[in-house]
Each structure stands twice: as C-alpha cells, then as structure tokens.
Amino acid sequence: MNIQDNIVEFNNLLATTNCKLVAVSKTKPVEDIREAYKAGQRIFGENKVQELREKPGKLPEDIQWHMIGHLQTNKVKYIAPFIHLIHAVDSLKLLEEIDKQAEKNDRVIPCLLQVHIAMEEHKFGFDEKELMEMLSNALIKNLHHIHIIGLMGMATYTDNKDQIRSEFRNLKNIFDRINKNIFKENVKMQELSMGMSDDYEIAIEEGSTMIRVGSKLFGPRIYLN
Ligand SMILES: *Cc1c(COP(=O)(O)O)cnc(C)c1O
C-alpha cells in the first residue's frame, strides 16, 4: 500500500469533478498522515474526539481536520477551537452546543446534518421529515456561530449497487429540496458528503462533493480489543 500513490490516483480521478477527498485517517498513525500530506492531501477526517485531540499537534498546521463520526455534546468543547467541518450533526441540541463552543472560540463552525438514508436501523441521522422540521425551527436562525452548509449520509452496507445508488440519489434530492424551500442566512446547501471506499464511484456519479475514503488510501484498519 503506497499512500502517496493512492492520493495521486484519487486526485486524478477527482480532477474532472466537483468533488473533494476527505482522507479518513482514523486509527492510523501520524506517519501515515504525513505520507498523504507529502502527496498534497490537506483534508483529513477522524471519527473520534480522542484522536482529534492527539494528532493535530504533531502535524502541519495547514491540515483541515474534519470530524466525520458521531459527536457527543460533552466533547464538542475539545474540537471547537480548530475543527474545520463537522459532518454528522444529528440533533438540535448538538447544533446548539457547537454554536455555544464556537462563540467561546470566536469562530463560526461549518456543519453538515446527517441524514439516515440506509436500510440499517442503527445508523444515526435525521429522516427527511425530521430534517425539514429541524431546519424550519425558528431557533436555527439565532445560532450565529454555525453555518449549515450541507448534508452527510451513509448508504446501506450491501453489494446491491442499485440500492446504494437510489439511497445516494434520495439524499441528493433532499439536498436540492432544502435549497429550494429553506431560506435562512445560516443554512445553505453546498456540500454533500457521501461515498466511502466501497461506494465512492456511485456517490460521485450521484453528485457527491466530498467522499470520505479510509481503507482505499491507508489500507485496512486494525482494531485492538
Ligand atoms: C470510517 C469511515 C469512513 C471511511 O471508511 P472506508 O470504508 O475505510 O473508506 C467514512 N465515513 C465515516 C463516517 C467513517 O466512520
């Protein structure tokens, strides 16, 4: 697995698209991140606050760190000073906490709302009705330290490509409907985070603007315990 070559290959693939690569470095050592950095990669995604507290200090400052995993309200304060984008916001309560911590840091933090598009029960996120209710909530416009800049979703883990495609297409349609119907200063659908190592090609075809790729770049993850 040559990480630098992999980054170059993805850049070639994405060159003719409107889609960015989020290199998912969770569980991987800073040496691997440095390899990707050498090949020009600047956006890295982590899914644990713990790793986001440990890695950035050991790496170049121009890296843009994305939180792609489920975020607990009580941990927002640790990443608020530097996080570039939070992908998986799944409640108004969490959004309010991000706003509060962003204000303390004198920042505006861009966020994506996670939408539940998969058949699996356990994945986090809003369904479309909950999403529309939340975005229509009058409280949203008072959150001056967040920007909702798009949506994030994960397709069902399956070999059925038609199903994956229809789930991504559904997410893109929701994204377009919000842009047509919701008018708030701090809500603007610009980024659509969908696609991982096994389904990024379909995601790109269906309008993804950010693919989150881990194992295809860094090799399989090894989990201890
Ligand atoms: C781990 C992870 C990814 C990357 O997964 P791969 O299949 O290794 O590309 C993408 N998105 C989220 C939310 C993840 O947790």
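Modeller: Let's begin with aspartate 106, which counts as exposed at 69% relative accessibility; exposed means over 50% relative accessible area, buried under 20%, and partly exposed in between, using a 1.4 Å probe and protein chains only. Before going on, keep in mind that this is a predicted model, where local features need pLDDT of at least 70, side-chain atom pairs count only at pLDDT 80 or more, and totals for chains, interfaces and linings use all residues. Residues are numbered from 1 along each chain as its sequence is written, and side-chain values use heavy atoms, with hydrogens and water left out.

Aspartate 106 sits in the loop between α5 (92–104) and β5 (109–115). Those labels come from DSSP runs, numbered from the N terminus: helices are H or I with at least four residues, strands are E with at least two. What about the backbone there? Phi of aspartate 106 is positive, near 55°, though the residue is not a glycine. Most residues other than glycine have a negative phi.

Threonine 27 also has a positive phi without being a glycine, at about 70°. Look for threonine 27 in the loop between β1 (20–24) and α2 (30–38). With a relative accessible area of 31%, threonine 27 is partly exposed.

The axes of α1 (residues 3–14) and α2 come within 8 Å and cross at roughly 45°; axes here are lines fitted to C-alpha atoms, for helices over the stretch in contact, with angles running from 0 to 180 degrees between N-to-C directions. That angle makes α1 oblique to α2, since under 35 degrees is roughly parallel, over 145 roughly antiparallel, 65 to 115 roughly perpendicular, and the rest oblique. In contact (heavy atoms within 4.5 Å), Ile3, Gln4 and Ile7 of α1 meet Asp32, Glu35, Ala36 and Lys38 of α2. Those residues split into three nonpolar, one polar and three charged.

Now the cysteines. A disulfide is a pair of cysteine sulfur atoms within 2.5 Å, and by that rule the count is zero. Cysteine 19 is in no disulfide, and its nearest cysteine sulfur, in cysteine 111, is 20 Å away. Cysteine 19 is buried at 8% relative accessible area, and cysteine 111 is buried at 0%.

Terms used
Nonpolar A, V, L, I, M, F, W, Y, C, P; charged D, E, K, R; others polar.
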